[in-house]
Amino acid sequence: MKIQKICCIGAGYVGGPTCSVIAMQCPDIEVTVVDLSQSRIDEWNSDEHLPIYEPGLKDVVTKCRGKNLFFSTDIDSAIHAADLLFISVNTPTKTFGLGKGRAADLKYIESVARRIAEVVESGEKIVVEKSTVPVRAAESIQRILKANTKPGVSYQVLSNPEFLAEGTAIQDLISPDRVLIGGEQTSGGYKAIDALASIYEHWIPKHKIIKTNTWSSELSKLAANAFLAQRISSINSMSAICEATGADVNEVAHAIGTDSRVGPRFLQASLGFGGSCFQKDVLNLVYLCEALNLPEVAAYWQQVININDFQRRRFATKIISCLFNTVTDKRIGILGFSFKKNTADTRESSSIYVCKYLLDEGAQLVIYDPQVSREQIISDLTHPIISEDPERVERLVTIATDPYKALSGAHALVVCTEWDEFRGYDFQKIYDTMAKPAFAFDGRGILDAEHLLELGFHVEVIGKVVRKNNMIPITPPAEN
Ligand code: NAD
Ligand code: UDX
């Protein structure tokens, strides 16, 4: 089966970049990305700002849009015309009902499956789960489609999880470590797997395309994110030991990462991982284990999240204890609000939680991020999960567009995101304008701590002791 037309439902961080790269690499295929949100689609069609900030994305979109890449809200027409349909809608953690706070909410997936069944009138269609879903979600999609199939229509449901990371999405899509495709182990299933593989084969070597059964593919996505998150929680747990003993977490990471069985990547200690995927997918896995009556396995993975929560609180507690156990009414400059550099995405950013803990203590925060908008920061900090008093947040928080102004008069600067520009600041100039003693808290280990010490800063870095006088501050135990 040769794919000529693709429809991608969901024009978000995954659907948009993934289909833009497919369109660029497959000029013979027409790709239409659809979404319910008119404003999102308008932004994809705009020459000014795309709805997401991603290095290299604009070039790819500009190259293909209007030729073989289209963005539209006419969902039904695009479904009707396509041979292959990607489902790239969001699958957030449930906020109420059964499995609240852990299970993935599949309501958007279900509504897309129902819409496909309603719209498709004839022919063979391949429906591809691109979204991250619990194991056996394909079975639910299959059942909804089967129960509503019109005569003359047949479906194959595949799992093709996405492994791109934000900030490097285009590079990850052009040159992925692997592409994973799971499908039914039947002749129809194999045919559909091969049809999807033939799209990727336009630019990805065959040996990088892994073909499995549907459930292995679905589970592998959750497992991959759980393993990656676990690595960060493991190194972050070591960072706490380093700070208490004088070991240096970077030296430890290097020493263990040079073992080829461990490998060097993803061992950067931080104030905790953020992003829309890790927490959601690990919790999804925990819920799955509980549902499968595997409480020990569930507890094992839950601990990855517990350590992450601990790390965020530990970092905030260190700031408060160093500032003489009170930050009330003290101006604190926050550098970085996105969950990692090179993205404007703030979903589950550790910065939100550190700001929350400081706001709970009455600190006056001045926040600077090179990409995140004022509206987004205020919306995150006034979310009911973060604050019960939005007016108080608005009173205590100022958003700065100039980092030097943000830090002028501040008692402390706090690095929450590893934006490259932070490394190049004139810290003498910053030090001169700050309240004394001036404190620097580096939650990413990106600043030149020795230089800051020489300038007169009191410096705290995740995972190492850099204080000149070697005084260990009295840190009250982190509370949950
Ligand atoms: P997103 O929120 O950025 O985008 C989802 C889009 O789907 C939204 O624009 C929404 O309006 C649209 N949508 C929802 N229901 C719809 C419907 N019925 N019809 C049409 N459009 C609909 O989400 P995302 O970050 O792109 O994530 C999508 C999926 O991919 C999730 O399952 C996520 O776990 C997974 N994933 C995300 C990343 C990432 O880096 N963001 C990486 C790998 C996998
Ligand atoms: C992640 C997975 O990497 C990707 O494969 C999947 O498709 C989606 O989820 P993403 O969340 O976009 O991607 O970014 P990632 O680079 O994984 O970083 C996640 C968080 O971990 C960020 O907050 C980052 O700063 C943090 N991190 C990452 C660390 O604290 N230390 C590290 O060594 C690596």
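Colleague: Leaving aside neighbours within four places in sequence, which residues is D248 in contact with?

Modeller: Contact means heavy atoms within 4.5 Å. With those neighbours set aside, D248 touches C242, G463 and K464. Keep in mind that this is a predicted model, where local features need pLDDT of at least 70, side-chain atom pairs count only at pLDDT 80 or more, and totals for chains, interfaces and linings use all residues. Residues are numbered from 1 along each chain as its sequence is written, chains are lettered from A and ligands numbered from 1 in the order in which they are written, and side-chain values use heavy atoms, with hydrogens and water left out.

Colleague: Is D248 buried or exposed?

Modeller: Buried means under 20% relative accessible area, exposed over 50%, and partly exposed in between (1.4 Å probe, protein chains only). D248 has 15% relative accessibility, so it counts as buried. You'll find D248 in the loop between α9 (214-245) and α10 (249-257); helices here are DSSP runs of H or I, at least four residues, numbered from the N terminus.

Colleague: How is the protein divided?

Modeller: Domain bounds come from an automatic or database domain assignment. Here that gives domain 1 (5-204) and domain 2 (246-480). Their C-alpha centres lie 34 Å apart, and 19 residues of domain 1 are in contact with 18 residues of domain 2.

Colleague: Where does ligand 2 lie relative to the domains, and why?

Modeller: Look at who supplies the shell: a residue is near a molecule if one of its heavy atoms lies within 4 Å of it. Both domain 1 and domain 2 give residues to the shell around ligand 2, so the ligand lies between them. That shell has 20 residues, with L164, E166, S270, F339 and R444 coming nearest. Helix α9 supplies the largest share, four residues.

Colleague: Which residues put N or O atoms by an oxygen atom of ligand 2?

Modeller: A polar contact with a ligand is a pair of N or O atoms within 3.5 Å. Among them, a backbone N or O atom of E166 is 2.7 Å from a ligand 2 oxygen, and a polar side-chain atom of K340 is 2.8 Å from an oxygen of ligand 2. The protein covers 91% of the 660 Å² of accessible area that ligand 2 has on its own, using the Shrake-Rupley method with a 1.4 Å probe.

Colleague: And how many residues surround ligand 1?

Modeller: There are 26, the closest being V14, D35, R40, T91 and K280. The side chain of K280 has an N or O atom 2.6 Å from an oxygen atom of ligand 1.

Methods. Polar contact = N/O pair within 3.5 Å; in protein donor to acceptor, adjacent residues only side chain to side chain. Helix = DSSP H or I, 4+ residues; strand = E, 2+ residues; numbered from the N terminus.
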